[in-house]
Amino acid sequence: MNDRAVGLFDNYEIEISRTWKGRGAILCESDKGLFILKEYNGPANKIFFQDTLLKNIREAGFLTVESILRTKENELIVYDQDRIPYIVKSYFEGKECNNREIEECRQAVRVLARLHNCSDLSDWENLASQPVFHIEKEYEKHNKELKKVRRFLREKSQKTAFEIFLIEHYDYFFDLAIQVTEEMRLYMKAGKNKNLEEFPIVCHGDYQYHNIIRTSDGMALVNFEKCIRDNPVRDLYLFMRKLLEKNNWSQTLGDLLLCSYDEERTLSDDDYMQLYYRFAYPEKFWKIVNFYYNSGKAWIPGRNMEKLEKLLAQEKEKQDFLETIFRKQT
């Protein structure tokens, strides 16, 4: 972000005392508090939905979420001389959630549950304008991509060591992806789950440790640009999966996090089934394959091999986790 972007603050009713650079952003101290100027990469109409969501959450009593500052002309987006869009949001002083501290992670999960309690927007008339995310359709799309890459690898005459290693283990994860998707499709078709078209919950969409800030007033949540209508377990799954991967799919840790969430917002039988399918689908494998296929293949980073080897090493622990945790709950 260039220094000229600082001039964009002139579009707002704030008096700035100082500015400094952050990670891909510019921060400022003003007479109305701390703010952050960031480039906005989302759809223009999404920012209005995000703004209304944040206001509804605060009105419901969850005060430690960011807010989007409007310009003097009451706009949410401001453009620089190159027509690059920016937004200004409130900023929280503090440190990111420490994902190595179990108690902090449990607190973050409780905060997430409270956020979901305040994100039930049943009476919000604009909710219907936002599409509902269908996880089974997403998995069907991933499966088509996996099938295409498998065919590419089989037909490739000269293979690197990584490609040979990948194709050796491909069928296991591909078959697993097909199986989980089909089981989920049958479950959804059976009508045992709540009709998602009526789901009033809006998820954060990117609930990770760097979007959870520890402040003197508790944990604050930022970066709602990926907010989306979906089953709330979307956020819980994302937060838990990354922690569990770092902790070799610890059943004790998984149980602690689920119980912590359940203390604030009761998980239903359907929630557990949704979580099970999301954990069971080999998303990490799809990510490795997708990154490989969509990047230059003349030189394949060694990190790809490391990720695949780690995935294989943890597969038994993951399957044991699924069998133990979800057999107990469902």
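Let me start in helix H4, residues 161–189, where Glu-182 and Arg-185 sit 3 residues apart, about one turn of the helix. Their side chains meet in a salt bridge, 2.7 Å from N to O. Bear in mind that this is a predicted model. Glu-182 is partly exposed at 35% relative accessibility, and Arg-185 is partly exposed at 30%.

Helix H9 has a pair of this kind. Asp-320 and Lys-316 form a salt bridge with an N to O distance of 2.9 Å. They are 4 residues apart in H9, so about one helical turn separates them. Lys-316 counts as exposed, at 60% relative accessibility, while Asp-320, at 32%, counts as partly exposed.

Arg-106 forms a salt bridge with Glu-263, and the closest N and O atoms are 3.9 Å apart. Arg-106 is in helix H2 and Glu-263 in helix H6, so this bridge ties together parts 157 residues apart in sequence. Why does Arg-106 count as buried? Its relative accessibility is 14%, and the cut-off for buried is under 20%. Glu-263, at 49%, is partly exposed.

The count of salt bridges comes to 24. Some are linked: Arg-241, Glu-245, Glu-283, Lys-284 and Lys-287 make up a network.

Next, the surface. Arg-100, Lys-226, Lys-242, Lys-246 and Lys-310 gather there in a patch of positive charge. Lys-310 belongs to helix H9, residues 302–329, and is partly exposed at 45% relative accessible area.

Last, helix H7, residues 269–280. Its 12 residues should span 16 Å, and the end C-alpha atoms are 16 Å apart, which agrees. H7 is mostly covered, with 10 of its 12 residues buried, among them Tyr-272, Leu-275 and Phe-279.

Conventions. Residues are numbered from 1 along each chain as its sequence is written. This is a predicted model: local features need pLDDT of at least 70, side-chain atom pairs count only at pLDDT 80 or more; totals for chains, interfaces and linings use all residues. Side-chain values use heavy atoms; hydrogens and water are left out. Patches are made of residues with over 30% relative accessible area and no salt bridge: like charges are joined within 9 Å, nonpolar side chains (Val, Leu, Ile, Met, Phe, Trp, Tyr) within 5 Å. Accessible areas come from the Shrake-Rupley method with a 1.4 Å probe; for residues, only the protein chains shown count as cover. A salt bridge is a side-chain nitrogen of Lys or Arg within 4 Å of a carboxyl oxygen of Asp or Glu. Lys and Arg count as positive and Asp and Glu as negative; His and the chain ends are not counted. The place of a charge is taken as NZ of Lys, CZ of Arg, CG of Asp or CD of Glu. Helices (H or I, at least four residues) and strands (E, at least two) are DSSP runs, numbered from the N terminus. Buried means under 20% relative accessible area, exposed over 50%, partly exposed in between (1.4 Å probe, protein chains only). The expected span of a helix is 1.5 Å times one less than its number of residues.
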